[in-house]
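Colleague: I'd like to learn how to read a helix and a loop. Could you walk me through a case?

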Amino acid sequence: MADDGAVTVYSGSAITDAKKKPFSIKAGMAQMLRGGAILEVSTVEQAKIAEAAGACSIVVSEQVRRGGINRMPDLSLVKDIKRAVSIPVMAQVRVGHFVEAQILESIKIDYADESEVLGFADENNFINKHNFRTPFVCGCKNLGEALRRVREGAAMIRIQGDLYGSGNIVETVKNVRSVMGDARVLNNMDEDEVFAFSKKLAAPYDLVAQTKQMGRLPVVQFASGGIVTPADAALMMQLGCDGVFVGSEIFECSDPFKKVRGIVQAVRHYNDPHVLVESSCGLEGAMAGINLSEDRIEQFGQGED
């Protein structure tokens, strides 16, 4: 650590002032989740299943209401789940709603997820995450957006695909490839070109330069959206992600423990075909109900005309 108190995520450029807001500690806490699966849960029973199956963390959320306003989860539910499990617990807050974040920090939540799934409390401003001791997770769809969230204090990036639990992974794959592809382009770029590229990304130059040096995002990067099978999870890992978020739709099947366990094993052993075969066997019953709805299928059909 430098004498002036400047710290970095891994090494290189300064991100924040350690004397006021220990970003390096929060980024280190996010590092602890690497190589794991984070499960979205809405009941204590689901949280216990996720922990027993080997999830590295859980995200507490209520069922998304389409057409309505979705807010942070009921605090009594969050407290009940924190008492019931020993793994880290996350909870979602609306984008820009710093008071929801303050409330969650006051009950000692382990991580906060500033989630676009819930919606926006502030359409123009994200939470200044440097003002909190709690590590924050933020979503992105491209490299520029990811680096802007890191500048605001995000200790983990969630590369977001499908938001509505359809089981369709195509958006997630597209966005992961976009982030990874831009990082590779940046890594092979001449130093003279980095200034123009940072302007194109609308991202802070120092973070763009650090991404070039590392060849990847300077914080932990997970994939989220449409991940419902062990093969989906292994795909995200082989594309370069550090872990995966799995939606609560995974519990809408006949054997959620077997399904979650298979995904956890696929994340841990994503390059081992024998483990992937074992994790993917006998899931036909466990897959029941996790499919595209008819209106989504019709939408894709119309898009091909």
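Predicted model: local features only at pLDDT ≥ 70, side-chain atom pairs only at ≥ 80, totals over all residues.

Colleague: Which are the buried residues of helix H11?

Modeller: Buried means under 20% relative accessible area. In H11, which spans residues 273–280, that gives Val275, Leu276 and Ser279. They sit on the same side of H11, because they cover an arc of only 100° around the axis.

Colleague: Which exposed residues does the face turned away from the buried side of H11 carry?

Modeller: That face has Pro273, His274, Val277 and Glu278.

Colleague: And the ends of the helix? Which residue caps the N-terminal end of H11?

Modeller: Asp272 does, with a side-chain oxygen 3.0 Å from the backbone nitrogen of His274. Just after H11 comes Gly282, with a positive phi of about 70°.

Colleague: Now the loop. Where is Gly35 found?

Modeller: Look between helix H1 (23–31) and strand E3 (37–41): Gly35 is in the loop there.

Colleague: What is Gly35 in contact with, leaving aside its neighbours within four places in sequence?

Modeller: Its contacts are Met237, Asp242, Val267 and Arg268. Check Gly243 too: its C-alpha atom is 5.0 Å from that of Gly35, though the two residues are 208 residues apart along the chain.

Technical notes
Residues numbered from 1 in each chain as written. Heavy atoms only, no water. Buried < 20%, exposed > 50% of the residue type's maximum accessible area, 1.4 Å probe, protein only. Helix = DSSP H or I, 4+ residues; strand = E, 2+ residues; numbered from the N terminus. Arc of directions from axis to C-beta. Polar contact = N/O pair within 3.5 Å; in protein donor to acceptor, adjacent residues only side chain to side chain. Contact = heavy atoms within 4.5 Å.
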